[in-house]
Amino acid sequence: MPDGHIRQNIRSGIIVSIVLKQDQRTGKLTRGIVKDILTNSSFHPHGIKVRLVDGQVGRVQKIEE
């Protein structure tokens, strides 16, 4: 399964589950389609930060198949 902590695995148009800033304590996941990749580094320990097509921003926890 592709890892959401590695930038190379994420591209515009794929479906992912992200954790929003306000949901970090609970770990509640939000599902959506990636519009923009906001993290510049190739790896991030908490997940690559993305913007979904609906405008929500969060860190990728899971790449959906």
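Threonine 39 is placed in the loop between E2 and E3, where strands (E) are DSSP runs of at least two residues, numbered from the N terminus. The structure is a predicted model, in which local features need pLDDT of at least 70 and side-chain atom pairs count only at pLDDT 80 or more, whereas totals for chains, interfaces and linings use all residues. Residues are numbered from 1 along each chain as its sequence is written, and side-chain values use heavy atoms, with hydrogens and water left out.

With a relative accessibility of 8%, threonine 39 counts as buried; buried denotes under 20% relative accessible area, exposed over 50%, and partly exposed the range in between, for a 1.4 Å probe and protein chains only. Contact is taken as heavy atoms within 4.5 Å. Leaving aside neighbours within four places in sequence, threonine 39 is in contact with Arg7, His44, Ile48, Lys49 and Arg59. A polar atom of the threonine 39 side chain lies 2.7 Å from the backbone nitrogen of lysine 49. The C-alpha atoms of threonine 39 and glycine 4 are separated by 12 Å, the two residues being 35 apart along the chain. Histidine 44 also lies in the loop between E2 and E3 and counts as buried at 18% relative accessibility. Beyond neighbours within four places in sequence, histidine 44 is in contact with His5, Thr39 and Arg59.

Strand pairing, which requires that DSSP find at least two bridges between two strands, involves E4 on both sides considered here. Strand E1 (residues 15-20) and E4 pair in the antiparallel sense over five bridges, and valine 19 stands opposite arginine 59 of E4. E3 and E4 are likewise antiparallel, with three bridges, and here lysine 49 is the residue opposite arginine 59. E3 and E4 form a hairpin with four residues between them, and glycine 55 in the turn has a positive phi of about 95 degrees.

The largest nonpolar core has 11 residues, namely Ile10, Ile14, Val16, Ile18, Leu20, Val34, Ile48, Val50, Leu52, Val60 and Ile63. Such a core is a set of buried Ala, Val, Leu, Ile, Met, Phe, Trp, Tyr and Cys residues joined through side-chain atoms within 4.5 Å. At least two residues of this core come from each of E1, E3 and E4, and E1 gives the most, with three. The contacts of valine 60, apart from neighbours within four places in sequence, include Ile10, Val16, Ile18, Ile48 and Val50.

Side chains of opposite charge can pair when their charged atoms come close. A salt bridge is defined as a side-chain nitrogen of Lys or Arg within 4 Å of a carboxyl oxygen of Asp or Glu, and by this rule the count comes to one. The salt bridge joins the side chains of arginine 51 and aspartate 36 at 3.0 Å, N to O. This pair links distant parts of the chain, with arginine 51 in strand E3 (residues 49-52) and aspartate 36 in strand E2 (residues 29-37), 15 residues apart. Arginine 51 is partly exposed, with a relative accessible area of 30%, and aspartate 36 is partly exposed at 27%.

Glutamate 64, in the segment after strand E4 (57-63), is buried yet has no salt bridge. The nearest side chain of opposite charge is that of arginine 31, 4.1 Å away, where Lys and Arg count as positive, Asp and Glu as negative, and His and the chain ends are not counted. Leaving aside neighbours within four places in sequence, glutamate 64 is in contact with Ile15, Val16, Ser17 and Arg31. The side chains of glutamate 64 and serine 17 are joined by a polar contact of 2.4 Å, a term for a pair of N or O atoms within 3.5 Å; within protein, one must be able to donate a hydrogen and the other to accept it, and residues adjacent in sequence count only if both atoms are side-chain atoms.
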